[in-house]
Amino acid sequence: MELVFVCYRFGWNQKGTFMKLMRIAVAAVALVALGATAVVAQQDPIAARKAMMKANGQAAGALAKMVKGEAAFDLATAKKSFATFEDAAAKMPALFPDNSKSGGETAATPKVWEDMADFKAKFVKFGEDAKAADASVKDLDSLKAAMGTLGKDCGGCHELYRVKKS
Ligand code: HEC
């Protein structure tokens, strides 16, 4: 009885069964594709976090140019940088699983895994400061003030949790 019911539900007793199965298969493949980007981050968290930090570096570089007077203040560019920081702050903590302590030319220090709670708390603060900057920055002076705080977030974390470049 059960089997007959199942077969009926899936249309196996009708013509066009193949097309129905194909549709299910296509839907399944689409679902897998959707999950693929998330899976990439899981499979290669070192590459993912390095790429994310590289984006932080570029975003901070654009802000530094304005602060130094090498570029004109541009609110849209500043906001884009703050959004990059917020995004990184939200995603970074998940990119340090236990099996990613070495390899992939990581520059993360062992301390990340020894003091994971503090490390993650620093990302929370970084995210909050980026959000605050997005709200407070209106001109060059307010950008300079915000950059003081954000710069300390970058440096303070790197000091403890990133291998110093020689
Ligand atoms: C809470 C910790 C933390 C904060 C905040 C932080 N970083 Fe990082 N950053 C790291 C760690 C850890 C690495 C090393 C990642 C690795 O190699 O696995 C890193 C790596 C980098 C790298 C090298 C990326 C590469 O190419 O490998 C750059 C550039 C960088 N950070 C820029 C920044 C900037 C700019 C900010 C602030 C706007 C910032 N970071 C804030 C922890 C942090």
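Biologist: How many residues does the largest nonpolar core have, and which have the most contacts inside it?
Modeller: The largest nonpolar core has 22 residues, and those with the most contacts inside it are F85, A89, A130, A133, L143, A146 and L150. A nonpolar core here is a set of buried Ala, Val, Leu, Ile, Met, Phe, Trp, Tyr and Cys residues joined through C-beta atoms within 7 Å. Buried means 20 or more other C-beta atoms within 10 Å of the residue's own, exposed 12 or fewer, and partly exposed in between, with C-beta atoms placed from the backbone.
Biologist: Which elements give two or more residues to this core?
Modeller: These are α3 (45-67), α4 (75-91), α6 and α7 (140-161). Helices are DSSP runs (H or I, at least four residues), numbered from the N terminus.
Biologist: How should I read the numbering and the confidence limits?
Modeller: Residues are numbered from 1 along each chain as its sequence is written. This is a predicted model, in which local features need pLDDT of at least 70 and side-chain atom pairs count only at pLDDT 80 or more, while totals for chains, interfaces and linings use all residues.
Biologist: Back to L150: what is it in contact with, beyond neighbours within four places in sequence?
Modeller: L150 is in contact with F85, D129, A130 and A133; contact means C-beta atoms, placed from the backbone, within 7 Å.
Biologist: Which residues of α7 are buried?
Modeller: In α7, L143, A146, M147, L150 and Y161 are buried. Their cover includes α3, α4, α5 (111-114) and α6.
Biologist: Where is the kink in α7 centred?
Modeller: The kink, of about 25 degrees, is centred on M147. The bend is the angle between axes fitted to the seven residues ending at a residue and the seven starting there.
Biologist: Changing topic, what surrounds the ligand?
Modeller: The ligand is surrounded by 24 residues, of which M53, G57, K122, C154 and C157 are the closest.

How values were computed. Two residues are in contact if their C-beta atoms, placed from the backbone, lie within 7 Å. A residue is near a molecule or strand if its C-beta atom, placed from the backbone, lies within 6 Å of it.
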